[in-house]
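Please look over the sequence and the model below before reading on. The report then goes through helices, strands and their packing.

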Amino acid sequence: MTMSDPIADMLTRIRNGNTAKHDFVDVPASKMKQAVADILVNEGYVKGYKLIEDGLIKTIRVEMKYGRDKNEKVIAGIKKISKPGLRVYAGKDELPKVLGGLGTAIISTNKGIITDKEARKQNVGGEVIAFIW
C-alpha cells in the first residue's frame, strides 16, 4: 500500500518514539526526509541520524535526544501543517513563528527545505511543512 504523506509518517514515528522513550527510530529514506532530519539535528531536537542501506532498501535511523533522563524530552511537540488535502503556503512577509520564535517551522522553498529563520534571512516563502517545539 502506498503512503499518501510520507513526511507526516516520519514526524509521527519521531513523535511516537519520543513518547515511548526509544533510543532511535527507523524511517524509510528519501531526500526530503533526509533534509528534514538535517534540520532536526541542526536545531538540536535529535542527536543525529544515519543512512542505513540494506540492498535496495534505504532507512534513516534517527537517534533521539533527551535531557538528563528520558523523562526530560527535548521535543515537546511536532505538528504537520501542510497536508495532501490542504496545502499551506506562506509568503516571505507572512512566515509563521512557532511559540513566538522558541520553536521551529520547517519550510519547503525553491532554495530547499529550510527553517523559518533561514527563510527570513534569505527573504523567501514557500510551503509550511511542520512546526516543532
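How closely do the axes of H1 and H2 approach, and at what angle do they cross? In this predicted model, the two axes come within 10 Å and cross at roughly 40°. The crossing of H1 past H2 is right-handed. On the H1 side, the contact is made by Pro6, Ile7, Met10, Leu11 and Ile14. On the H2 side, it is made by Met32, Lys33, Val36, Ala37 and Leu40. By class, the contact of H1 with H2 has nine nonpolar residues, one charged residue and no polar ones. In general, two packed helices are described by the angle between their axes and the distance between the axes.

**The whole chain**

The protein chain has three helices and eight strands. From the N terminus on, its elements follow the order α-β-α-β-β-β-β-β-β-α-β. A compact globule with 133 residues would have a radius of gyration near 14 Å, and the protein chain has 15 Å, so the two agree. Along the principal axes, the C-alpha trace spans about 40 × 40 × 25 Å.

**The three-stranded sheet**

Three strands form an open sheet in the order S1-S3-S2, and their pairing is antiparallel. Strands S1 (24-28) and S2 (46-54) each have a single partner strand and stand at the edges, so one side of each is left without a neighbour in the sheet. From one strand to the next, the twist averages 25°.

S1 is joined to S3 (residues 57-64) by five bridges, while eight bridges join S2 to S3. Some of the paired residues are listed here.

| Residue | Bridge partner in S3 |
|---|---|
| phenylalanine 24 | glutamate 63 |
| valine 27 | isoleucine 60 |
| glutamate 53 | lysine 58 |

H1 (residues 6-19) touches S1 and S3, and its direction makes about 165° with that of S1. H2 (residues 31-42) touches S1, S2 and S3, and its direction makes about 155° with that of S2.

**The hairpin**

How many residues lie between S2 and S3 in their hairpin? There are two residues between these strands. In the turn, glycine 55 has a positive phi of about 70°.

**Putting the parts together**

S3 stands between S1 and S2 in the sheet order. H1 packs on the sheet with contacts to S1 and S3, and H2 packs on the sheet with contacts to S1, S2 and S3. The two helices also touch each other, through residues including Ile14 of H1 and Leu40 of H2.

Technical notes. Residues numbered from 1 in each chain as written. Predicted model: local features only at pLDDT ≥ 70, side-chain atom pairs only at ≥ 80, totals over all residues. Heavy atoms only, no water. Pairing = 2+ DSSP bridges. Helix = DSSP H or I, 4+ residues; strand = E, 2+ residues; numbered from the N terminus. Axes fitted to C-alpha atoms, helices over the stretch in contact; angles between N-to-C directions. Contact = heavy atoms within 4.5 Å. Left-handed = near helix turned anticlockwise from the far one by under 90°. Nonpolar A, V, L, I, M, F, W, Y, C, P; charged D, E, K, R; others polar. Rg over C-alpha atoms; globule rule 2.2 N^0.38 Å.
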